[in-house]
Amino acid sequence: MSKISAAITAVGKYVPDYVLTNQILETMVDTNDEWITTRTGIKERRILKEKNKGTSFLAINAAKDLFNKIDIAPKDIELVIVATATPDMQAAATSVYVATQIGATNAFGFDLVAACSSFLYAISTASSFIESGKYKKILVIGADMNSSMIDYTDRTTCIIFGDGAGAVLLEANIEGFGVQDEYLRSDGSGREFLQVPAGGSIEPTTEQTIKDKKHFVYQDGKTVFKWAVSNMADVCQKILERNNLEINDINWLAAHQANKRIISATANRINLPLDKVMMNIEKYGNTTSATIPLLLNDYEKQLKKGDNVILAAFGGGFTWGSIYLKWAYNS
Ligand code: UT7
């Protein structure tokens, strides 16, 4: 019997309508377009403004976009994984609500929470389910409403993050396409450098935690930056070596969009020309779990069947890693 692999066979996306530009941010905090552009590459980000809507709203719309593009019945989906750092609420998984709302009523669901590497880890998890032979169709949605945990008076974080969602359908493939290899890492000594300190079990919400602004993202940007550059390059190098790939064999790098300088530095370190590096950070900023599926969606027309694609991410925790896949279709 041929080996079963998990191949991405469709993509979809959703970003909210409201565009928060660098010019608008200039009126909110002491910053300027030139600083943001040169330090991060970001020009604008999308923000979900509708009341009583959360990450599930983004995820549902990304899934609907995917379903509009291909002929598949939501009832055929067996598992829905929502990769997110901003679930709708504690205890009740966002994915379960999403599955029901999109009509995936035969699926079960769970959330995968690993900061900016959530989508990467979710692809690894979903592909293992498929490789086992037990499941054939899994929907993985990277979705984050970062604006729900950003302090819009803190110029060190509010210029970076945006809201959005990207969805991919993974299907069993016996022709050698799809996920080929992965190299995933984590190091808990990094959690002090990027976190939302309160609201979890260590420091539940109190009047004081709210006064102290402990429900917002805190980041030591410089430390995270250094770790991100060296570790993303390392895992990309590792996955190339393990699979006997020369740099010329790589068609695309889809790296987490946290900072244009981090992405360019990673590409430089592995000698990958920038025209093979997917980039859309200027439009959306850092959408955490959504960056990689948003890239795959935005570059879908340029991706060709058989292309060698490297996914890479680095984020809070710390968590990071790379996945090597062979693109499975022409759009
Ligand atoms: O996705 C999860 C993983 N996260 C990341 O990968 C993010 C990694 N870190 C970064 O991308 C960068 O560190 C930042 C974009 C967050 C910051 O860029 P930086 O080049 O590391 O700047 P910095 O923090 O060293 O700040 C340089 C200066 C400081 O002023 P002084 O102390 O030199 O006078 C900051 O106060 O820039 C100042 N600054 C700003 N100035 C204008 C910080 N934020 C701003 C701002 N506008 N928004």
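Predicted model: local features only at pLDDT ≥ 70, side-chain atom pairs only at ≥ 80, totals over all residues.
Residues are numbered from 1 along each chain as its sequence is written, and side-chain values use heavy atoms, with hydrogens and water left out.

Let's start with the ligand. There are 22 residues around the ligand, and Thr31, Arg39, Lys222, Asn259 and Asn286 come nearest; a residue is near if one of its heavy atoms lies within 4 Å.

Now the polar contacts, meaning pairs of N or O atoms within 3.5 Å. Arg39 places a side-chain N or O atom 2.8 Å from a ligand oxygen. For His256, a polar side-chain atom is 2.9 Å from an oxygen atom of the ligand. A polar backbone atom of Gly221 sits 3.0 Å from a ligand nitrogen.

So where does the shell come from? Domain 1 (5–176) and domain 2 (180–326), with bounds from an automatic or database domain assignment, both give residues to the shell, so the ligand lies between them.

Last stop, helix α11, residues 291–298. Seven of its eight residues are buried, so α11 is largely enclosed by the rest of the structure; buried means under 20% relative accessible area, with a 1.4 Å probe and protein chains only. Among the buried ones are Ile292, Pro293 and Asn297.

How values were computed: Polar contact = N/O pair within 3.5 Å; in protein donor to acceptor, adjacent residues only side chain to side chain. Buried < 20%, exposed > 50% of the residue type's maximum accessible area, 1.4 Å probe, protein only. Helix = DSSP H or I, 4+ residues; strand = E, 2+ residues; numbered from the N terminus.
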